[in-house]
Every structure is written in C-alpha cells, then in structure tokens.
Amino acid sequence: MSSKGTILITGLNGFLAGRLAEAALKAGYGVRGTVRNLTAGAEVQKALVRLGYGDGAEVVHVPDMTVPGAFDEAAIGCTAIVHLAAPVKETWTLEPSEVVRMSVSSTTGILGSALKAGPQLQSVVYMSSAGALFDIPPEPGVYTEKNWNTTSEPAVIKLGPDAGGLHAYCASKTVAEGAFWKFRDEQKPAFSMSSIQATYFIGPPLVPWETKEQIPYSLGNVWKLLQKEDVPGPMLFYESSIDVRDVARVILWSVINSKTADGERYLCASAVGGAQATADILNKHMPSLGVTQGSPGQGYESGYPSTGGAIAFDGKKAVEATGQDWIPYETSITDTARFLMRYLEK
C-alpha cells in the first residue's frame, strides 16, 4: 500500500475515472476501483501499467451498486473515496424514478460504507453535474456553485415515465447530491465531504472506447468535424466545456486538501467555444485535416470565456482554490482530435 493511502474510485472504467486514477497514482496514492464489468476494469488496469504505474489499480467487482453494503468491502482501509459511478446508460432506458432511485441508493450506500471504512478515511468526494445547477428549461444567466436545479425532481414525480431522460438525469444528480449533503448535516462524519459539478467533458480519455459509436455526446463536435461533416449546430442547452483532466485534478485537490474542501461544491467549467470555434481551432493547428471551414470567427468570443453565452458557468472558485488555471481550450480540442483520429480508420 502507498504511504499516502488508497483512494477508492467507483466506476473505474468511466471517462473521468481513468484520468483520476492516473492523477492519483502519479501523486503517490494507491488506487482501488469498483466496476460492474471486470473486463472493462482490466482495460483501465492495463493502461495504467503501460504508463508505468506498477500493478496499476486494484479492481473490485461490484455488480449492483444499489444493493445495501455493496461498497463495504471495497471501502475498508481507504484514505479517500470518490463516488463517480452513476446510472448513465440507464438514464434513457429505465423509468426516470428508477434512475433517481439508483443514483440516490448508490450515493447513500457509499456513504454508509464510508462510516465503516475505518478511522484513516479522510475524505469523500461526490461527482455531481452541471445539470444539478440549472432548471429545465434553463433561464439565461451565469451559473455557479450557489445554484440548484429545482424543476427536474418535481417533473419526475408529476410526469412519471413521461418526464424523459433529461429530467431523469438532472433529477438523479440533484437528488443524490442533496442526499449527500443531508448525510453530512445529520451524521456529522469525521471525514470531509465535498462535491464537484462539471459541464461537458472534452479531452482524451485514458482508455480508448471500443467502437466509434461509444464516443460520448460531449465530443461530438470534434468527431463530426474530423469526418468532414458540416459545422454542427449548437449543443443541448449550453456550449460550456471542461477538460476531463482538469476535473480529475480538482477532485484530487479536494482529496489532498480535505479540510479546505470540506462542505464545499466546486464547479469545473473552463471555456465556451462550440462547433465553429472547434472548426477554427482545428483549421489553425491541424490544417492537414481539412475540416469544414464554416463561418470562421463567428458565434463565439475571443478567448472562449466560460461566462460567455446565454447559459454560462463561472468556474473561478475552483481555479482560486487550487491555484491553477484550466487547460487552454485550444489544447483540449487538439488533444481530443488527435485521440479521436484513430476511429477514422475503423
């Protein structure tokens, strides 16, 4: 075991989790990760080993994260717990109320396991979402950690199956984070508790997706442009993004600085660009790709400020807390493009 202890990461095979595992190992922590699918967990482990991190991460099979005590064994002896696992795929296939139940059950479950993990546990971090900050439909404005979604849970209760996947997702994150903070207020645990909200993820993952069909929605602009499609239309609700490596960094900072982060929400939102900005960046830095020109310079602000656009987000609290700025937007876009180019041949 590392002298700094072990960080438990739930949902180890996720987009963010791989980068968090990498950052944690680089900082000298041991990593234990839970997965529903052992094969997917093994791929993360192999990637970490290839990067030179010894035996990589310890992988623990948790087939159903909603079962009481599901994380008890995995949490024992850990210095920190980062709860990333969420019913993402189920958002669009199950009834909204079931998606909310799964999210809340896994969150309260991991907190119950934290109480049994041992006196060495210093920090629990919950991965929430920007979807927990704004109502649907969102009002124009600049959102911060002070905001909360107030419409999705009532919509799920009132509309039932007709509430749809969007309300299901936002409600699941909002209600689960609410349960997270309620636990802190009522239980007053010895360990610190903090939460992270993030806008659309960009940047390269640690482990490649098996097929191009698995490329997430948030990378759609880059992927479509690489295929020489026309400049895509606007993203759903907003254009704000954050490099997944930055989110991993802020989470790790919250673990390391547990006393400072205790009781805090940190919003990760670095830039507002959009499809035209992405096309311009690729044509500037990677002209050989020959992506569509579109209307260069139109529809976005110079410098890609995170507070730009009708629905915007201000991530300065996390920047000021960590003392480090975000990865430049143009770097994130080009790094994403270089990673996704492998799928052009498939």
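Me: Let's start with R265: what makes its charge count as lying over the face of W148?
Reply: In this predicted model, R265 is placed 3.7 Å from the ring centre of W148. The distance limit for a charge over a ring is 6 Å, so 3.7 Å falls within it. R265 is accordingly listed as lying over the face of W148. R342 is another case, lying over the face of F339 at 3.9 Å from the ring centre.

Me: How many aromatic pairs does a search of the whole structure find?
Reply: The search gives 18 aromatic pairs.

Me: Why is the pair F15 and F201 called edge-to-face?
Reply: Their ring centres are 5.8 Å apart, within the 6.5 Å limit, so the rings pair. Their planes stand at 80 degrees, which is over 60, so the pair is edge-to-face.

Me: What makes this pair of F15 and F201 a tie between parts of the chain?
Reply: F15 belongs to helix α1 (residues 15-26) and F201 to strand β8 (residues 200-202), so the pair ties together parts that are 186 residues apart in sequence. Both F15 and F201 are buried.

Me: And why is the pair Y200 and Y217 edge-to-face?
Reply: The centres of these two rings lie 5.7 Å apart, within 6.5 Å, and the planes are at 65 degrees, over the cut-off of 60, so the pair is edge-to-face. This pair links distant parts of the chain: Y200 is in strand β8, while Y217 is in the loop between β8 and α7 (220-226), 17 residues apart. Y200 and Y217 also belong to one aromatic cluster with F134, Y143, F237, Y238 and F313.

Me: Is Y200 buried or exposed, and how do you know?
Reply: The relative accessible area of Y200 is 15%, under the 20% limit, so Y200 is buried.

Me: What is the label for Y217, and why?
Reply: Y217 has a relative accessible area of 47%, which lies between 20% and 50%, so the label is partly exposed.

Me: Back to strand β8: what makes β8 and β11 edge strands?
Reply: The open sheet has three strands in the order β8-β9-β11, with mixed pairing. Both β8 and β11 (271-272) pair on one side only.

Me: How do you know that β8 pairs with β9?
Reply: Two strands need at least two bridges, and β8 and β9 (residues 240-243) have three, so they pair. They run parallel, with I202 standing opposite D243 in β9. Helix α12 (residues 329-340) lies across β8, β9 and β11, at about 70 degrees to β8.

Me: Why is Q276 called buried?
Reply: Its relative accessible area is 12%, under the 20% limit, so Q276 is buried. Q276 lies in helix α10 (residues 275-285). Leaving aside neighbours within four places in sequence, Q276 has contacts including V231, Q293 and Y300.

Me: What makes the link between the side chains of Q276 and D280 a polar contact?
Reply: The distance is 2.8 Å, within the 3.5 Å limit, so the link passes on distance. It is counted as a polar contact.

Me: Finally, how do you know that both faces of strand β4 are covered?
Reply: A80 and V82 on one side of β4 (residues 80-83), and I81 and H83 on the other, are all buried. Strand β1 (residues 6-10) pairs with β4 in the parallel sense over four bridges, and I9 has V82 as its bridge partner. Four bridges also join β4 to strand β5 (residues 123-127), again parallel, and there H83 stands opposite Y126.

Methods: Residues are numbered from 1 along each chain as its sequence is written. Side-chain values use heavy atoms; hydrogens and water are left out. Rings of Phe, Tyr and Trp (its six-membered ring) pair if their centres lie within 6.5 Å; planes under 30 degrees apart count as stacked, over 60 as edge-to-face and the rest as tilted. Buried means under 20% relative accessible area, exposed over 50%, partly exposed in between (1.4 Å probe, protein chains only). A charge sits over a ring if NZ of Lys or CZ of Arg is within 6 Å of the ring centre and within 35 degrees of the ring normal. Contact means heavy atoms within 4.5 Å. Axes are lines fitted to C-alpha atoms, for helices over the stretch in contact, and angles run from 0 to 180 degrees between N-to-C directions. A polar contact is a pair of N or O atoms within 3.5 Å; within protein, one must be able to donate a hydrogen and the other to accept it, and residues adjacent in sequence count only if both atoms are side-chain atoms.
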